[in-house]
Amino acid sequence: MIVPYKPKLEDLWFREEFMNDPETMSYNIAWGGTIPFPKEEWRDWYDRWIVHDDGNQRYYRYLLDKDRNEFVGEIAYHLDSEKNIYLANIIIYSKYRGKSYGKRGLNLLCQAAKENGCIELYDDIAADNPSVQLFLNMGFVVDYATEEVVMMKKVL
């Protein structure tokens with residue numbers, strides 16, 4: 001059973017671990033690959049994403065597999081004030097991919113966004129990222145596409 005989990009500050013070790021994993025962050029290769037998330041940045045990030053997450057501007061949760069009692073990924077969305085759209089984020093730690101966590105996590109993210117008043121959810125995915133198919137399977141449509149990015153959209 002997979003559930004959204006609001007991490008505590010000390011749980012951010014998991015985010016640091018998967019963001020530093022080249023296989024997990026391979027989707028991000030066009031934008032630099034892995035992303036450092038050192039402990040000295042945790043407090044500011046935590047305050048912005050967890051402490052002050054009113055649901056209307058940003059939302060962040062780990063995906064917790066309760067049967068394994070392990071974190072398997074993250075789901076999030078935030079309001080992009082320039083485009084005035086809510087952008088989704090879902091990352092499954094590479095060692096847990098291929099086990100339907102992406103599908104279940106995306107479903108949980110859409111559900112949370114809808115409950116928090118979002119009408120539409122978007123995600124800009126690298127054009128060569130295989131997760132485009134996951135989004136299509138979950139009811140998203142291609143809003144537009146370029147050589148670099150596919151903008152996915154779902155009316156909630």
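A salt bridge here is a side-chain nitrogen of Lys or Arg within 4 Å of a carboxyl oxygen of Asp or Glu. Keep that cut-off in mind for the opening stops. The model on screen is predicted.

**Stop 1: helix α2**

Select Asp47 and Arg43. Their closest N and O atoms are 3.4 Å apart, and the two form a salt bridge. Why can these side chains reach each other? Both sit in helix α2 (residues 42–51), 4 residues apart, so about one helical turn separates them. Asp47 is partly exposed at 24% relative accessibility. Arg43 is partly exposed too, at 43%.

**Stop 2: Asp65 and its partners**

Move to Asp65 and Arg68. Their salt bridge spans 3.9 Å from N to O. Is Asp65 buried or exposed? Asp65 is buried, with a relative accessible area of 6%. Arg68, at 41%, counts as partly exposed.

**Stop 3: strand to strand**

Select Lys153 and Glu120. Here the N to O distance is 3.3 Å, and the side chains meet in a salt bridge. This pair links distant parts of the chain: Lys153 belongs to strand β7 (residues 149–155) and Glu120 to strand β5 (residues 120–126), 33 residues apart. Glu120 is partly exposed, with 27% relative accessibility.

Across the whole structure, the search finds 5 salt bridges.

**Stop 4: Arg15**

Next, select Arg15 in helix α1 (residues 13–19). What is Arg15 in contact with, beyond its neighbours within four places in sequence? Show Phe37, Trp45, Tyr60, Tyr62 and Glu74. The charged end of Arg15 sits over its ring, 4.9 Å from the centre.

For another charge over a ring, jump to Arg58 and Trp49. The charged end of Arg58 sits over the Trp49 ring, 4.5 Å from its centre.

**Stop 5**

The structure has 21 aromatic pairs. One of them is Phe37 with Trp45: edge-to-face, 5.6 Å centre to centre, with 80° between the planes. Phe37 is buried at 3% relative accessible area, and Trp45 is buried at 8%. Now select Tyr60 and Tyr62. Their ring centres lie 5.9 Å apart with the planes at 70°, so this pair is edge-to-face. Tyr60 is buried at 1% relative accessibility, and Tyr62 is buried at 0%.

**Stop 6: the core**

**Stop 7: the cysteines**

Finish with Cys110 and Cys118. How many disulfides does the structure hold? The count is 0. For Cys110, the nearest cysteine sulfur is that of Cys118, 9.9 Å away. A disulfide needs the sulfur atoms within 2.5 Å. Cys110 is buried, at 8% relative accessibility. Cys118 is likewise in no disulfide, and is buried with a relative accessible area of 5%.

Terms used. Residues numbered from 1 in each chain as written. Heavy atoms only, no water. Helix = DSSP H or I, 4+ residues; strand = E, 2+ residues; numbered from the N terminus. Buried < 20%, exposed > 50% of the residue type's maximum accessible area, 1.4 Å probe, protein only. Contact = heavy atoms within 4.5 Å. Phe/Tyr/Trp six-rings, centres within 6.5 Å; stacked < 30°, edge-to-face > 60°. Lys NZ or Arg CZ within 6 Å of the ring centre and 35° of its normal.
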